[in-house]
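Subject: Structure for your review

Dear colleague,

Please find the structure below, handed over for your review.

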Amino acid sequence: MPKIFKILDKFKIVYDVTDKILMTICKLLLIADILIATLTVLQRYLPNAIFPPIPWAEQMVLTFMVYMAVLSAAIAIRRGSHIRMTAFDKYFPKTLVKVSDLISDLIVLILGVIMLIYGGKVCTGPLARFAKYESIPTLSKMWMYLPVPIAGAGMIIFELEAIYQNIRSFFVKEEKAADSEEAQTV
C-alpha cells in the first residue's frame with residue numbers, strides 16, 4: 001500500500017492550488033465588500049453633488065457575502081474547521097471515530113456533488129438566464145447562483161483529500177508500527 005500513497009501524495013498540489021484560488025477569491029470579495037459598504041455610508045453623509053448615490057451597492061454587497069459564505073465552507077472543509085460533533089470522540093475507540101469521520105466525509109462529498117450538479121442546472125436554467133438584478137438590469141442573476149457550483153467543486157476536491165487522508169490513516173499507523181518493530185529487531 002505505501003506505493004499508492006506515494007503516488008496519491010503528489011496530488012497535494014491540486015488541493016493547495018484550489019485552496020489558494022478560493023482563498024484569494026474570498027479575500028478579493030471581502031475587500032470589495034468593505035469598499036462598497038464604505039462608499040455607501042459615505043454617500044449617505046455627503047451631498048449628492050459630491051458623491052452620487054450607488055443604487056447597486058446593497059445587492060452587490062449581499063451577492064459578495066453569498067460568494068464568501070459558500071466558498072469559505074469549502075475552505076473550512078480543507079482546514080478541518082467546519083462544525084463537527086466531537087463530544088463523544090474521546091469515549092469511543094479510535095477506529096470507530098475514524099470510520100465515523102470517513103462516513104461524514106462521504107456524506108459531505110455527496111452534498112458537494114449535489115451542489116455542483118444542481119447549482120450548475122440553476123445557473124444555466126431560465127431563472128438565472130432571464131432574471132436580472134433590479135438595480136443593474138444588464139446583469140444576469142446567474143452571477144448570484146454561480147458560487148453554489150463553484151463551492152460544490154471545491155467541496156468535492158477537498159473532501160476527496162479528506163477521504164484520502166482518512167483512508168491513509170488506517171494504513172500509515174500500521175506501517176509506522178511495523179517500521180519501529182523492524183528498527184528494534186535490527
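Which element gives the most residues to the nonpolar patch? The answer is α2, with five residues. Please note that the model is a predicted one.

The patch covers about 740 Å² of the surface and is made by I4, I7, L8, F11, I13, V14, V17, I21 and I25. Two elements, α1 (2–9) and α2 (12–45), each give two or more residues to it. F11 lies in the loop between α1 and α2.

Besides its part in the patch, α2 has buried residues: Y15, T18, D19, L22, C26, L29, D33, I36, T40 and Q43.

In soluble globular proteins, nonpolar side chains tend to be buried together. The largest nonpolar core here holds 22 residues, of which L22, I36, M60 and L71 touch the most other members. At least two residues of this core come from each of α2, α3 (57–79) and α7 (147–185), and α3 supplies the largest share, 11 residues. Leaving aside residues up to four places away in sequence, I36 touches W56, A57, M60, V61 and F64.

Yours sincerely

Methods
Residues are numbered from 1 along each chain as its sequence is written. This is a predicted model: local features need pLDDT of at least 70, side-chain atom pairs count only at pLDDT 80 or more; totals for chains, interfaces and linings use all residues. Side-chain values use heavy atoms; hydrogens and water are left out. Patches are made of residues with over 30% relative accessible area and no salt bridge: like charges are joined within 9 Å, nonpolar side chains (Val, Leu, Ile, Met, Phe, Trp, Tyr) within 5 Å. Accessible areas come from the Shrake-Rupley method with a 1.4 Å probe; for residues, only the protein chains shown count as cover. A salt bridge is a side-chain nitrogen of Lys or Arg within 4 Å of a carboxyl oxygen of Asp or Glu. Helices (H or I, at least four residues) and strands (E, at least two) are DSSP runs, numbered from the N terminus. A nonpolar core is a set of buried Ala, Val, Leu, Ile, Met, Phe, Trp, Tyr and Cys residues joined through side-chain atoms within 4.5 Å. Buried means under 20% relative accessible area, exposed over 50%, partly exposed in between (1.4 Å probe, protein chains only). Contact means heavy atoms within 4.5 Å.
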